[in-house]
Amino acid sequence: MERLMALYNISSPSGGEKRMARFITDELRRMGIAYRKDRHGNIYAVKGNRKSYPCVVAHMDEVHRRKTGTYAAHLVAESMIVGYDHKHRRMTGIGADDKNGIWVCLKCLESFKAMKCAFFVQEENGCIGSRKADMDFFADCRFVIGCDRKGNGDIITRVHGMELCSEEFLETVSPGRYGYHPASGLSTDVHTLKARGLSVSCINLSCGYYEPHTDREYTIWEDLCKCYRFVRHIVCCHKSASPHKARTAKTFIHGYYELFGMTGYSEKEYIRFMKKYGMEPPVQNKTGHGNKL
């Protein structure tokens, strides 16, 4: 919990991820994990020496641009985490999209003897970091998991008509046992990696955040822990590579700022945009907690 709260209290808007990158690299050095950064700011971490690795990825940026020093994340009733600006006396976003994913990555690096993780810049600006990522880093990965989906029950297996993983992979990891169900989703880093030719199964998981890109954003702690348990299960049960080549690639969807600017997020508008270009809209997660605030 302490690490998660520290992540929430770091401001990391797209293009301004230096403080978040510093926190991540400090954690990696503390754990004795080898890492490198590319010229774009992406971070690549490798633990252990194996012929193949499980891999989890996340992005370092958030859509929120907090300029006040009176913001803090707070745990409510030992179950929900919210952000509050004490100076202006109002709720504010915590950047759980995708600080929850960063937390899962760091937990995996801490827990497993062999693991690869990548932390990307500027996902919210159109997956800029993953579009320029070093694809050789993923050459010996068994699969790639992103934890960058709202709610608590979606395993994203298709984005804009592109299949992300094989049926064999889904059968092996048994998502239903952990309360996850296949769904279609929006553009994120794992979809970008697949579009660039990554030839192993990829998925994107709900990781316990709700109302992303708004001041009402919050995390349900148990739902984030559920995601981590499922990731642990996948790592433990899938010991070999899961080859998979994407079947189709359709129109590239821009990032949050490019499509909506700084005024606010509308998933209905995103779906309307997808339909305009003949793409399949995502299946909404029906297992969420609704508007808690």
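A residue counts as buried when its relative accessible area is under 20%, as exposed when over 50%, and as partly exposed in between, with a 1.4 Å probe and protein chains only. Helices (H or I, at least four residues) and strands (E, at least two) are DSSP runs, numbered from the N terminus. The model is predicted, so local features need pLDDT of at least 70 and side-chain atom pairs count only at pLDDT 80 or more, while totals for chains, interfaces and linings use all residues. Residues are numbered from 1 along each chain as its sequence is written, and side-chain values use heavy atoms, with hydrogens and water left out.

Strand β12 spans residues 202-206. This strand is mostly covered: five of its five residues are buried. Two strands are taken to pair if DSSP finds at least two bridges between them. β12 pairs with β8 in the parallel sense, over four bridges. Here Gly146 stands opposite Asn204 of β12. β12 also pairs with β9 (residues 154-159). That pairing is antiparallel and has two bridges. In it, Ile155 has Leu205 of β12 as its bridge partner.

Rolling a probe the size of a water molecule over the atoms shows where empty space is left. On a 1 Å grid over the protein atoms alone, a cavity is a set of points where a 1.4 Å probe fits but cannot get out; lining residues have an atom within 4 Å of a point. Grid points are joined across faces, edges and corners, and a volume is the space filled by probe spheres set on the points. The structure holds two cavities of 30 Å³ or more.

The second largest cavity has a volume of about 40 Å³. Its lining consists of Val57, Ala58, His59, Asp98, Gly146, Asp148, Thr188, Asp189 and Val190. β3 gives the most, with three residues. For classes, Ala, Val, Leu, Ile, Met, Phe, Trp, Tyr, Cys and Pro count as nonpolar, Asp, Glu, Lys and Arg as charged, and the others, Gly among them, as polar. On this basis the lining has three nonpolar, three polar and three charged residues.

A cis peptide bond joins Asp97 and Asp98, with omega of about 15 degrees.

Ala77 has a phi of about 55 degrees. It lies in the loop between β4 (71-76) and β5 (80-85). At 67% relative accessibility, Ala77 is exposed. Glu211 has a phi of about 50 degrees. It lies in the loop between β13 (209-210) and β14 (218-220). Glu211 is buried, at 18% relative accessible area.

A disulfide is a pair of cysteine sulfur atoms within 2.5 Å. The structure holds zero disulfides. Cys105 is in none; the nearest cysteine sulfur, that of Cys117, is 4.1 Å away. Cys105 is buried, with a relative accessible area of 0%. For Cys108, the closest cysteine sulfur is also in Cys117. The distance is 6.0 Å, too far for a bond. Cys108 is buried, with a relative accessible area of 0%.

Conventions
1 Å grid on protein atoms, 1.4 Å probe; cavity = no way out; pocket = protein on both sides within 12 Å on 5 of 7 lines; lining within 4 Å.
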